[in-house]
Amino acid sequence: MMKKMENKSSAYTINLAAIEGDGSFQCPKCGMSISPEDETEDNYKILDTKVDDNGDLSELVISCGKCRSNIKLTGFQGL
Ligand SMILES: [Zn+2]
């Protein structure tokens, strides 16, 4: 039996609480600068969002607009 583990192992994770400045970061794979403030899909595309019990955003899964890598963003509570 094959277990489906691709989804977890292929995604990069970035903790926004650990990033200084305006919250922009570089794609872990291709190095393109991504700013969460920039909501154009040239930059990145939102694939999935998760909220916690209080309705606050807790996790965001995006796709890099350049290399299409999946990147999981966490740490929104610290912003
Ligand atoms: Zn990229």
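User: Before we get to the sheet, when do two strands count as paired here?
Analyst: Two strands pair if DSSP finds at least two bridges between them. The model under discussion is predicted.

User: Then what is the strand order in the open sheet?
Analyst: The order is β1-β6-β5-β4, an open sheet of 4 strands with mixed pairing.

User: Why is one side of β1 and of β4 left without a neighbour in the sheet?
Analyst: β1 (12-15) and β4 (44-51) stand at the edges and each has a single partner strand, so one side of each lacks a neighbour in the sheet. On average, neighbouring strands of this sheet are turned by 25° against each other, direction ignored.

User: Do β1 and β6 run parallel or antiparallel, and how many bridges join them?
Analyst: They run parallel, and 4 bridges join β1 to β6 (residues 70-74). Within this pair, N15 stands opposite T74 of β6.

User: Switching topic: which residues make up the largest nonpolar core?
Analyst: That core has 7 residues in all: C27, I34, Y44, I62, C64, I71 and L73. At least two of the core residues come from β5 (57-64), and at least two from β6.

User: And what is I71 in contact with, neighbours within four places in sequence aside?
Analyst: I71 is in contact with A11, Y12, I14, C27, P28, I62 and C64.

User: How much of the protein counts as buried?
Analyst: The figure is 9% of the 79 residues.

User: Last one: in what order do the elements run from the N terminus?
Analyst: They run α-β-β-β-β-β-β, and the secondary structure comes to 1 helix and 6 strands.

Terms used: Residues numbered from 1 in each chain as written. Predicted model: local features only at pLDDT ≥ 70, side-chain atom pairs only at ≥ 80, totals over all residues. Axes fitted to C-alpha atoms, helices over the stretch in contact; angles between N-to-C directions. Buried ≥ 20, exposed ≤ 12 C-beta atoms within 10 Å, placed from the backbone. Core = buried A, V, L, I, M, F, W, Y, C linked by C-beta atoms within 7 Å. Contact = placed C-beta atoms within 7 Å.
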